[in-house]
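Here is a predicted model. The questions below ask what lies behind each label.

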Amino acid sequence: MTMRIAFLASDAPVAQSACDVLIKQHGNVVPEKADVIVALGGDGFMLKTLHEVVSLAAPVYGMNRGTVGFLMNEYHEDGLLARLEAAEEEIINPLSMTAMDRDGACHKALAINEVSLLRAGPQAARLKISVDGRQRLAELVCDGALVSTPAGSTAYNYSAHGPILPIGSDVLALTAIAAFRPRRWQGALLPSSAKVRFDVLEADKRPVMADADSISCPDIQWVEIQTEPSIRHKILFDPGHGLEERLISEQFT
């Protein structure tokens, strides 16, 4: 049986060129009729693709035509069918974000990597943090904070000095960004079932924005974040190069 492949590419010329070459070799179908979706680009394009095709049965196999490519496989023009047949599947559950802005409007979004809160003015943000309805930190003065999945723990979370989380660890990372008070507070590890709430203190004086995989909401009053187990993103990796291996390798570079 012929494998039906849907090729998607970012706007980058190098990705568009690769897409043209592969379509000439393997043909192309719409994602709704594909057995597998091949995404050509960087991590940002991979996240965009995963969000767009989450309701489809086909898994996504990424090939790096971007910069970092943590969620991508190496790009090669030859041997694609054999690589797809041998690829190993990883399942990722995203975070759901519910945010209320200062005008009372409710915003909802999903995040595969992380949900972050960032100060949107010259003054540091003041955040109150609750976990499962219990206040855990009355005041965090900081540039921001984020909640990361294991899959996203090597991205913004790691740059903010948060921990790298093994895939399958059922843990979320709550990481502070440039914490001023409590001084040098780095964050906490939470069970993946936890519901995290941030309340913005002095929101009119110290505005804060929330961001879920580049979906931004300005002037936030509060944000609630939790894992969404009913949504399953299916990603394919070459054998021996899956997320678990990448997360371990990242800690030794």
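Q: How much space lies in the largest pocket, and what makes a space a pocket rather than a cavity?
A: About 280 Å³ lies in the largest pocket of this predicted model. A pocket is an open set of points, whereas a probe in a cavity cannot get out.

Q: What makes a residue part of the lining, and which residues lie nearest the centre of the largest pocket?
A: A lining residue has an atom within 4 Å of a point. The largest pocket has 17 such residues, and Ile 91, Asn 93, Pro 150, Gly 168 and Asp 170 lie nearest its centre. Strand S4 (88-92) and strand S11 (171-177) each supply at least two lining residues.

Q: How does the lining of the largest pocket divide by class?
A: Ten residues are nonpolar, six are polar and one is charged. Gly counts as polar here.

Q: Why is strand S8 called mostly covered?
A: Buried means under 20% relative accessible area. Six of the seven residues in S8 (residues 125-131) are buried, so the strand is mostly covered.

Q: How do you know that S8 pairs with S9?
A: Pairing takes at least two bridges. Six bridges join S8 to S9 (residues 134-142), so the two strands pair. They run antiparallel. Ile 129 stands opposite Leu 137 in S9.

Q: What lies between S8 and S9?
A: Two residues separate these strands, which form a hairpin. Asp 132 in the turn has a positive phi of about 55°.

Q: What makes S13 a partner of S8?
A: Six bridges join S8 to S13 (residues 196-201), against a requirement of at least two, so they pair. The strands run antiparallel, and Ser 130 stands opposite Arg 197 in S13.

Technical notes. Residues numbered from 1 in each chain as written. Predicted model: local features only at pLDDT ≥ 70, side-chain atom pairs only at ≥ 80, totals over all residues. Heavy atoms only, no water. 1 Å grid on protein atoms, 1.4 Å probe; cavity = no way out; pocket = protein on both sides within 12 Å on 5 of 7 lines; lining within 4 Å. Points joined across faces, edges and corners; volume = space filled by probe spheres on them. Helix = DSSP H or I, 4+ residues; strand = E, 2+ residues; numbered from the N terminus. Buried < 20%, exposed > 50% of the residue type's maximum accessible area, 1.4 Å probe, protein only.
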